[in-house]
Amino acid sequence: MDMEERKVAAFTGHRKKRLLCEGTDRQVPVSRIREEVADLVMYLYGQGYREFYSGMAEGFDMIAAEAVLQLREHHKDMALVAAIPFRGQPAWFDPQDQLLYRELLGEADRVVMLSEKYYRGCYLRRDEYMVSRASIVVAYWDNVREGGTYYTVRKAVERGRRVINLYTGEEITGATDL
């Protein structure tokens with residue numbers, strides 16, 4: 001079965017501080033990001049997408065996971081897959097995000113633990129894992145050409161995946177858009 005037939009979505013986006021543009025004039029309310037993610041997940045559901053991967057990092061990943069779980073209350077055939085780079089991932093989260101992480105993990109339909117321990121490159125391996133399974137990647141990328149979100153978007157484009165960037169509201173269709 002090819003990727004288009006599978007209709008699997010994966011999320012990638014910035015961590016909390018960068019996501020919210022804290023300390024800048026571009027500050028975005030979390031409620032707006034949540035609403036945009038929920039709207040897009042509902043659209044994708046209507047297009048036949050049922051499986052959604054989150055890397056469970058604090059920030060956009062957990063916002064997207066929350067949106068899937070909230071919508072799953074009304075659409076029981078939706079599935080959240082938590083792709084965890086290493087077991088101790090939430091150790092550096094603030095206490096509130098650690099609690100949210102545990103709650104989300106407890107509600108996920110499937111948890112994939114890619115490593116027991118942290119190692120250099122484990123986050124990128126997680127991102128590659130999700131891209132390899134997805135037919136579409138939903139990103140919240142500020143168009144800065146560095147960091148994990150950029151890496152994941154670039155990998156998705158290289159592998160021929162559709163990429164929707166919620167930050168700009170546009171689809172990234174090729175390397176010239178990067």
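This note goes through the predicted model point by point, from the overall fold to individual residues.

1. Overall make-up. The protein contains seven helices and seven strands, and, when these are read along the sequence, their order is α-β-α-α-β-α-β-α-β-α-β-α-β-β. Of its 178 residues, 51% count as buried, and the accessible surface amounts to about 9,000 Å², with 48% of that surface belonging to carbon and sulfur atoms. Among the contacts between residues at least 6 apart in sequence, 78% join residues at least 24 apart.

2. The pairing of H6 and H7. Helix H6, which covers residues 122–133, and helix H7, which covers residues 148–158, have axes that come within 10 Å and cross at roughly 35°, and the crossing in which H6 passes H7 is right-handed. On the H6 side the contact is made by Leu124, Asp127, Glu128 and Val131, while H7 contributes Gly148, Tyr151, Thr152, Lys155 and Ala156. Sorted by class, this contact of H6 with H7 has four nonpolar, two polar and three charged residues.

3. Gly121 sits in the loop between strand S4 (110–113) and H6, and with a relative accessible area of 31% Gly121 is partly exposed. Although Gly121 and Pro85 are 36 residues apart in sequence, their C-alpha atoms are 9.2 Å apart in space.

4. Two residues with positive phi. Met56 is not a glycine, yet its phi is positive at about 65°; Met56 belongs to the loop between strand S2 (51–54) and helix H4 (60–72). Asn143, likewise not a glycine, has a positive phi of about 70°, and Asn143 is placed in the loop between strand S5 (136–140) and H7. Which of these residues is buried, and which is partly exposed? Met56 counts as buried because its relative accessible area is 0%, whereas Asn143, with a relative accessible area of 38%, is partly exposed. A colleague inspecting the backbone may wish to look at both loops with these values in view.

5. Glu51 in strand S2. Glu51 lies in strand S2, and its side chain makes a polar contact of 3.3 Å with the side chain of Arg110. When neighbours within four places in sequence are left aside, the residues in contact with Glu51 are Arg6, Lys7, Val8, Ala9, Ala79, Val81 and Arg110.

6. Val68 in helix H4. Val68 is part of helix H4 and is counted as buried because its relative accessibility is 0%. Beyond its neighbours within four places in sequence, Val68 is in contact with Phe11, Val41, Phe52, Met78, Ala79 and Leu80.

7. Asn165 in strand S6. Asn165 has its place in strand S6, which spans residues 162–165. Is Asn165 buried or exposed? Asn165 is counted as buried, because its relative accessibility is 0%. Apart from neighbours within four places in sequence, Asn165 is in contact with Ala139, Tyr140, Trp141, Asn143, Glu170 and Ile172; the Asn143 in this list is the residue with a positive phi of about 70°.

8. Glu171 in strand S7. Strand S7, residues 170–172, holds Glu171, which is partly exposed with a relative accessible area of 37%. Not counting residues up to four places away in sequence, Glu171 touches Arg162, Val163, Ile164 and Asp177, and with Arg162 there is a polar contact of 3.1 Å between the side chains. Glu171 and Ala139 are separated by 32 residues in sequence, and their C-alpha atoms are 9.7 Å apart in space.

Key. Residues numbered from 1 in each chain as written. Predicted model: local features only at pLDDT ≥ 70, side-chain atom pairs only at ≥ 80, totals over all residues. Heavy atoms only, no water. Axes fitted to C-alpha atoms, helices over the stretch in contact; angles between N-to-C directions. Helix = DSSP H or I, 4+ residues; strand = E, 2+ residues; numbered from the N terminus. Left-handed = near helix turned anticlockwise from the far one by under 90°. Contact = heavy atoms within 4.5 Å. Nonpolar A, V, L, I, M, F, W, Y, C, P; charged D, E, K, R; others polar. Buried < 20%, exposed > 50% of the residue type's maximum accessible area, 1.4 Å probe, protein only. Areas by Shrake-Rupley, 256 points an atom, 1.4 Å probe, with all protein chains shown as cover. Polar contact = N/O pair within 3.5 Å; in protein donor to acceptor, adjacent residues only side chain to side chain.
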